[in-house]
Amino acid sequence: MRRYLKFTYAALVYAFLYLPLVVMVVYSFNASRFSMQWKGFTLHWYDALIHDASLIQAALHSLTIAAVSATVACFIGTVTALAIHRWRFVGRKAIHAVLFVMMMSPDIVIGISLLVLFIALSLPLGFWTLLMAHVTLCMPFVAITVHGRLQGFDPHVVEAARDLGAGELEVWRHIMLPMTMPAVLAGWFMSFTLSLDDVIIAFFTTGPTFEVLPLRIYSMVRLGLKPEINALCAAMILITAVAVVTTQWLLKEQK
Amino acid sequence: MNGSAPLVRLQQVCKRYGDQDALVDIDLEIFNGEFVTILGPSGCGKTTLLRLIAGFEPVTAGHIQLNGRNVAGLPPEQREVNTVFQSYALFPHMTVFDNVAFGLRMRGHEKDEIRQRVNEALNLVQLIGFEGRRPHQLSGGQQQRVAVARAIVNRPLVLLLDEPLSALDYRLRKQMQMDLKHLQRRLGITFILVTHDQEEAFSMSDRVVVLNAGRIEQAGPPSEVYEQPRNLYVARFVGEINLLDGQVDQVEGERVVLRIDQLNVRVKSNRKFTRGDRVHVLLRPEDLRVETLKDLAENPALKNSFADGGYFTGTVQETIYKGATYDVAVVLDNGRPIIATEFFNAEDATVYFRPGDRVAVSWIEGWEVLLPHEG
């Protein structure tokens with residue numbers, strides 16, 4: 001009986017979390033264009049999707065921005081984490097605190113503040129502004145993940161390497177980098193999903209020359225829910241799921 | 001020992017953290033092939049001493065020489081010493097083989113030579129067959145042995161061991177103590193071990209250095225430190241002691257007559273005392289003799305052999321079973337608590353004394369240690 005209750009409880013939690021997604025995925029295979037009635041299975045919407053050039057264009061933009069901003073954020077974030085872990089310098093604690101503030105800040109605040117900044121610098125909104133915005137968004141996540149990993153190290157490991165004849169450079173190459181790599185990669189996938197998901201910051205910081213997928217979907221939905229969008233979202237869920245599972249796997253490997 | 005120049009020489013070494021003295025005026029010479037243990041409570045500076053020798057931290061003042069060469073300013077990677085860390089500090093992302101090979105690779109040895117020497121080292125610590133494992137797939141004892149192999153494979157002049165056995169359980173620790181000692185004899189490498197465990201220090205080392213609050217209290221072979229402690233601190237740290245306070249009444253060369261309470265006691269000491277000096281008499285529990293007053297009254301022969309200079313009387317508080325021996329806790333009539341270790345009789349394996357028994361306490365003349373009164 002107890003077991004049964006536990007099972008029901010877990011099932012309810014999962015239903016609460018995932019039922020909307022399931023409904024959406026199911027309807028992406030529905031042969032009806034307008035009604036919510038089930039009219040039979042079809043792959044038509046997926047077919048329509050890949051033939052919609054502007055949608056594909058937006059998707060490619062999104063993937064490009066996600067990949068580039070994740071890579072840049074990983075680089076800056078990792079260096080930041082290594083610096084605040086390895087050396088004691090003025091402002092070290094402040095940097096650490098600011099990273100958390102950035103992580104917690106509402107997207108709308110980041111978006112508007114960046115917009116104001118870009119206008120002040122009279123930068124044209126487009127690829128570069130969006131890239132900078134997403135690097136800002138993702139960098140703290142990478143830095144915190146990598147820093148957490150570094151904190152988990154036995155501090156004597158570096159000393160042991162020195163003791164065994166490794167110079168500063170060799171310590172970085174053979175000890176610090178390989179040991180932080182799983183966290184860096186996890187940070188990359190996390191950044192990738194963050195960037196791919198983002199609507200609010202992109203709304204403020206990109207221009208008509210560079211449209212990304214979430215914004216495109218947003219404008220499509222304003223004209224009514226179309227089954228193509230269901231199909232598109234189902235595809236994005238798949239990409240996100242792969243990224244999340246990879247992140248988890250990498251972080252678990254950190255033993 | 002080569003009898004020649006010391007391999008490690010510390011002269012007036014001081015280490016200060018902020019305004020806190022970690023080590024003060026350390027003078028120490030360690031010879032080739034010696035097994036030296038630095039013994040002290042936590043926070044006494046023993047690990048700091050090791051870190052100074054390894055080069056992880058600079059000395060505040062004084063000199064350290066390794067093999068006749070001043071090592072000031074020399075980074076750890078250029079010193080011919082290796083360290084076994086308390087936490088082992090194995091490289092988690094490398095296999096056992098790569099961990100052990102690390103030092104040789106850093107020094108640019110040939111591939112074949114590396115393979116051969118790593119195998120030798122793993123063989124010495126009985127870890128053949130574990131080459132491909134990662135540290136987290138090994139037990140604590142195995143990790144410890146990898147840490148030892150990783151250090152000795154480089155054939156250092158000195159191996160520094162920072163409480164290497166403290167994370168192991170009792171049985172394994174005993175086993176590793178013997179293994180380390182045999183390894184040291186076999187390799188002939190100088191070992192400097194740091195521990196807070198006096199039993200460990202005594203059973204493994206040629207020489208024990210007792211450290212307290214950053215200063216060396218005494219250095220010498222284990223038996224000397226145990227039997228002739230230089231002061232109360234050392235005496236207390238290296239084992240249980242009983243303490244009696246007295247005053248020198250008479251001095252005839254090495255023989256001293258003490259007045260302890262109402263009793264005149266004859267003792268021996270190679271220290272110089274003069275009449276009227278206040279002294280401590282140190283007695284190890286195993287050096288004390290205890291008999292019941294009842295037995296002494298009934299058995300004149302026993303009484304004659306027991307003590308000619310008189311004895312203290314007291315009451316048994318409790319007995320503590322220790323396996324091969326048992327401890328008798330006695331409160332003397334002057335109020336001082338005493339612990340005596342008794343062996344079980346061959347014919348009678350039960351605890352002889354009962355709480356409440358009136359007993360006489362004495363010791364064999366010459367087994368005591370006399371120290372000037374402190375504080």
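1. Helices (H or I, at least four residues) and strands (E, at least two) are DSSP runs, numbered from the N terminus.

2. Please keep in mind that this is a predicted model, where local features need pLDDT of at least 70, side-chain atom pairs count only at pLDDT 80 or more, and totals for chains, interfaces and linings use all residues. Residues are numbered from 1 along each chain as its sequence is written.

3. H7(A) is mostly covered, with 7 of its 8 residues buried. Among them are Val157(A), Glu159(A) and Arg162(A). Within chain A, the buried residues pack against H3 and H8, and on chain B they meet H1, S6, H2 and H4. After H7(A) comes Gly165(A), with a positive phi near 105°.

4. Now the interface: 18 residues of chain A are in contact (heavy atoms within 4.5 Å) with 24 residues of chain B. The area buried between the two chains is about 1,800 Å², 63% of it from carbon and sulfur atoms; buried area is the accessible area (1.4 Å probe) that two parts lose on being put together, summed over both.

5. The rule finds 2 salt bridges across this interface, a salt bridge being a side-chain nitrogen of Lys or Arg within 4 Å of a carboxyl oxygen of Asp or Glu. Arg51(B) forms one with Glu159(A), their closest N and O atoms being 2.5 Å apart. On the side of chain A that touches chain B, H7(A) gives the most, with 7 residues.

Key: Chains are lettered from A and ligands numbered from 1 in the order in which they are written. Side-chain values use heavy atoms; hydrogens and water are left out. Buried means under 20% relative accessible area, exposed over 50%, partly exposed in between (1.4 Å probe, protein chains only).
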